[in-house]
Amino acid sequence: MNTSSAIHMAKTATPNLRALSGRLSPAVFVAVLVSALGLAGCESTSSITGIHGPGVAEVETNLTPEEQTTNLKSLTDVVQRNPTSVEALNTRGTAYAKLGRYQEAIADFTQAIKLDPNNAPALTNRALAYRQTHHDDAALADFNRAISANPQHAPAYLGRANLLRAQGNLAEARNDLDQAIRLNPESAQAFHARGLIFQREGNHAMAITDFDNAIDRDPFASAPYEARGQSLLATGKNDKAIEDFNAALNVDNKNADAWAGLGLAYEHSGNTAKAIESYQRALIINPNNQVAKEGVARVGHA
């Protein structure tokens with residue numbers, strides 16, 4: 001989000017946010033606005049090739065770690081001057097989460113919730129931070145509270161769905177994602193997450209459609225390309241799968257799972273040399289990548 005967008009959003013923000021906007025740089029104010037809407041949780045997990053990645057609490061601010069640290073200092077100053085500002089606490093908690101300082105993030109979200117027990121963004125953010133510290137029961141309770149407090153808060157449904165999916169409750173997770181998409185039809189993460197459920201259920205046609213929608217909404221994320229590549233591979237569309245794994249690697253060329261998926265696609269298409277090369281690239285990044293290890297053994301033996 002650019003400075004002009006921040007200025008426009010400041011004009012339509014709540015009174016508390018408008019008050020904060022005069023004391024923050026545009027970049028920090030953008031973080032405040034994003035935090036007020038809630039963090040977004042997205043996991044990339046597939047049952048097709050055994051490829052998976054961690055869930056993350058993420059805020060799309062496009063800031064470097066150095067900028068995040070600078071903003072954290074600015075936000076701390078704001079919190080000190082506005083100790084009863086739920087928005088400021090929620091945003092500093094977000095900054096802590098981005099730096100991996102989850103206990104401090106939880107402390108800020110908890111204080112925000114004490115000030116406003118029905119604040120759905122703070123409840124959702126704390127739930128996502130709880131997930132990062134492996135407190136899934138506490139996370140589920142907070143997601144439930146957030147939805148009860150504001151049934152229109154899409155990030156809470158998305159976060160709860162990802163947790164339910166990780167626990168194997170696919171039907172309930174899909175219901176949450178249906179609701180998240182109804183509330184926010186532009187959510188790339190919700191489409192991606194629902195695609196992963198269809199994929200796990202073996203419904204690759206529906207999975208591919210959802211991954212298409214995710215990519216349309218955010219063409220610069222690696223995970224939906226990787227996931228779509230897996231479904232394309234599962235349906236025998238090897239050439240298209242190769243394109244998607246390469247697209248994922250164009251975004252992140254240190255993605256061992258995408259290299260392993262690319263190796264599988266090349267192997268299935270009969271290109272042994274490219275398959276071995278891709279598997280080896282995966283193992284350089286992650287020597288324990290099981291798909292790549294099995295692929296090297298299988299192709300090398302052949």
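Modeller: A polar contact is a pair of N or O atoms within 3.5 Å; within protein, one must be able to donate a hydrogen and the other to accept it, and residues adjacent in sequence count only if both atoms are side-chain atoms. Helices (H or I, at least four residues) and strands (E, at least two) are DSSP runs, numbered from the N terminus. This is a predicted model, in which local features need pLDDT of at least 70, side-chain atom pairs count only at pLDDT 80 or more, and totals for chains, interfaces and linings use all residues. Residues are numbered from 1 along each chain as its sequence is written, and side-chain values use heavy atoms, with hydrogens and water left out.

Colleague: Which residue caps the N-terminal end of H7?

Modeller: The cap is Asn119, whose side-chain oxygen lies 2.9 Å from the backbone nitrogen of Ala122. Just after H7, His134 adopts a positive phi of about 65 degrees.

Colleague: How many residues of H7 are buried?

Modeller: Buried means under 20% relative accessible area, with a 1.4 Å probe and protein chains only. Twelve of the 13 residues in H7 are buried, among them Pro121, Asn125 and Tyr130.

Colleague: Where is Ser222 found, and what does its side chain reach?

Modeller: Ser222 belongs to helix H13 (residues 222-234). Its side chain reaches the backbone oxygen of Ala248 at 3.2 Å. Ser222 counts as buried because its relative accessible area is 13%. Contact means heavy atoms within 4.5 Å; leaving aside neighbours within four places in sequence, Ser222 is in contact with Ala248, Val251, Asp252 and Asn255.

Methods: Buried < 20%, exposed > 50% of the residue type's maximum accessible area, 1.4 Å probe, protein only.
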